[in-house]
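Hello,

Here is the structure you will be taking over. Please look through it first; my notes follow below.

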Number of protein chains: 2
Amino acid sequence: MERAARTGSAPRSRTPLSKGRVLVTAVALADEGGVDALSMRRIAQALDVVPMALYKHVAHKNALLDGMIDVLVGEIDPPAEGADWKTAVRGRVLSARRMLLRHPWAPEVIESRMKARATPTPAVMAYLDSMIGLFRAGGFSIALVHHAMHVMGSRLLGFSQELFQDTPGGEPDPDAPPPEEMAARYPHITALAMAVAHDEDSVVGSGCDDQAEFEFALDLTLDGLERLLART
Amino acid sequence: MERAARTGSAPRSRTPLSKGRVLVTAVALADEGGVDALSMRRIAQALDVVPMALYKHVAHKNALLDGMIDVLVGEIDPPAEGADWKTAVRGRVLSARRMLLRHPWAPEVIESRMKARATPTPAVMAYLDSMIGLFRAGGFSIALVHHAMHVMGSRLLGFSQELFQDTPGGEPDPDAPPPEEMAARYPHITALAMAVAHDEDSVVGSGCDDQAEFEFALDLTLDGLERLLART
DNA sequence: ACCTGAACACCGTTCAAGT
DNA sequence: ACCTGAACACCGTTCAAGT
């Protein structure tokens with residue numbers, strides 16, 4: 001009877017393997033368990049396939065990571081039509097940030113893969129090209145767009161790049177100093193943390209609105225660029 | 001005679017192992033071969049020690065990475081004395097950037113470790129505390145420093161966060177499209193790249209001065225903050 | 001010709017056996 | 001009590017044996 005259950009049909013998943021299915025599965029696994037827990041063997045297992053079958057669709061693990069980046073970039077909204085450059089860029093960056101919040105492992109992977117590659121992945125190239133197009137349509141000279149791209153940097157992909165999250169989580173530090181010693185050793189950080197906590201009448205513990213701060217930083221940057229544009 | 005050579009002295013390196021030696025060796029290995037090639041076993045080999053000996057000085061590999069970050073942050077110059085806030089912050093960020101250029105693997109490690117930890121590593125905490133102190137001494141209100149920290153983000157540690165380096169290197173892309181197709185597919189990037197290449201009479205190939213662009217972006221940010229400060 | 005199991009050369013870390 | 005070799009449970013990827 002075991003035999004009957006297995007005869008006449010594919011022994012594994014019915015839908016055939018494809019690069020797209022591999023990538024989407026890999027992204028889902030990374031979302032669940034982080035990128036450290038992502039292995040070729042685990043992806044294969046999730047797809048109910050032998051590990052070596054993956055190598056028909058991705059050359060090696062780095063190529064898989066590149067493909068995953070492109071899946072993510074594909075989630076960024078296209079630019080708003082008919083909007084001025086500033087709102088178009090702003091909206092797109094905020095869309096990129098929403099994507100990053102869904103995939104917290106993305107910055108690390110993008111950071112490592114972008115540095116290893118001679119040229120960005122195709123989807124990133126297309127995204128950057130379209131972004132440059134938005135600036136150009138807004139009246140930026142080539143030289144000024146070049147500056148703008150450097151100024152925006154990875155913020156274009158929604159990187160918030162905080163050095164420390166005001167809303168802490170993650171591994172509790174075993175040898176973290178007690179609060180009173182913290183206050184003595186890092187007086188300025190402590191003062192800031194306390195002020196922020198009391199500042200707003202927010203329900204959440206930290207009192208720091210990350211989204212608002214991101215937009216604040218983004219707007220400061222865009223305002224700076226706008227000022228440069230007006231000067232020419 | 002082999003026997004004589006080995007008796008009466010430690011069979012391996014004479015200087016005793018210490019956390020500092022482990023960390024410095026790990027940083028050196030990462031500088032040479034990148035962080036992917038860094039393993040506990042390889043560090044042990046470089047120190048002429050059995051792998052397990054490392055675990056007396058670092059709890060596990062993540063703790064080692066944290067320690068390496070602190071070594072790097074220790075390389076950042078202390079703030080200039082007697083300078084106004086803007087030059088003090090500017091100088092320090094540029095020092096951080098010089099550090100990052102010496103350790104290209106750093107952003108990836110910082111990115112991944114900072115996200116995993118509830119609180120930054122001790123050296124990063126001290127650095128941020130001192131940075132906040134610079135702003136405060138310059139007359140920034142607590143609320144404004146908070147904004148400033150979000151605006152500066154990981155630029156404080158010298159992250160240049162380019163999405164693509166104008167001076168390409170790294171793995172050549174096997175399935176990269178030929179130049180003429182590149183131009184058709186990414187017209188804006190191509191136009192920008194060509195303009196930048198011809199623009200300056202630089203000796204280097206690319207024509208993009210990364211250092212100048214970094215300072216440009218940094219100054220735009222600092223100017224924006226200065227404007228906010230003046231408004232209060 | 002295609003697919004895949006076993007094998008290779010690595011990992012980080014545990015643990016028990018040695019001194 | 002300390003140190004360490006062997007072992008465990010994983011990796012990514014090669015390769016030869018199977019169909």
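In these notes, two residues are in contact when they have heavy atoms within 4.5 Å. Helices are DSSP runs of H or I with at least four residues, strands are runs of E with at least two, and both are numbered from the N terminus.

The model is predicted: local features need pLDDT of at least 70, side-chain atom pairs count only at pLDDT 80 or more, and totals for chains, interfaces and linings use all residues. Residues are numbered from 1 along each chain as its sequence is written, chains are lettered from A and ligands numbered from 1 in the order in which they are written, and side-chain values use heavy atoms, with hydrogens and water left out.

Two packed helices are described by the angle between their axes and the distance between the axes. Axes are lines fitted to C-alpha atoms, for helices over the stretch in contact, and angles run from 0 to 180 degrees between N-to-C directions. Angles under 35 degrees count as roughly parallel, over 145 as roughly antiparallel, 65 to 115 as roughly perpendicular and the rest as oblique.

Helix 8 (residues 142-152) of chain B packs against helix 11 (residues 210-231) of chain B at about 165°, and their axes are 11 Å apart. Helix 8 of chain B and helix 11 of chain B are therefore roughly antiparallel. From helix 8 of chain B, B:Leu144, B:Ala148, B:Val151 and B:Met152 take part, and they meet residues of helix 11 of chain B including B:Leu218, B:Thr221 and B:Leu222. This contact has 9 nonpolar residues, 1 polar and no charged. (Ala, Val, Leu, Ile, Met, Phe, Trp, Tyr, Cys and Pro count as nonpolar, Asp, Glu, Lys and Arg as charged, and the others, Gly among them, as polar.)

Helix 8 of chain B also has a contact with helix 7 of chain B; these axes come within 10 Å and cross at roughly 125°. That makes helix 7 of chain B oblique to helix 8 of chain B. The residues that meet here include B:Phe135 and B:Arg136 from helix 7 of chain B, and B:Ala148 and B:Met152 from helix 8 of chain B. By class there are 8 nonpolar, no polar and 1 charged.

Helix 7 (residues 122-137) of chain B packs in turn with helix 5 (residues 85-102) of chain B, at an angle of about 155° and with axes 9 Å apart. That makes helix 5 of chain B roughly antiparallel to helix 7 of chain B. Their contact counts 9 nonpolar, 1 polar and 1 charged residues.

A residue is near a strand if one of its heavy atoms lies within 4 Å of it. DNA strand C is surrounded by 13 residues, and B:Arg41, B:Arg42, B:Met52, B:Tyr55 and B:Lys61 are the closest. Sugar and phosphate make up 49% of the atoms of DNA strand C within 4 Å of the protein. Helix 3 (residues 40-46) of chain B gives the largest share of this surface, 3 residues.

Polar contacts are pairs of N or O atoms within 3.5 Å; within protein, one must be able to donate a hydrogen and the other to accept it, and residues adjacent in sequence count only if both atoms are side-chain atoms. A polar side-chain atom of B:Arg42 is 2.9 Å from a phosphate oxygen of DNA strand C.

DNA strand D also has 13 residues around it, with A:Arg41, A:Arg42, A:Met52, A:Tyr55 and A:Lys61 closest. A polar side-chain atom of A:Tyr55 lies 2.8 Å from a phosphate oxygen of DNA strand D.

Regards
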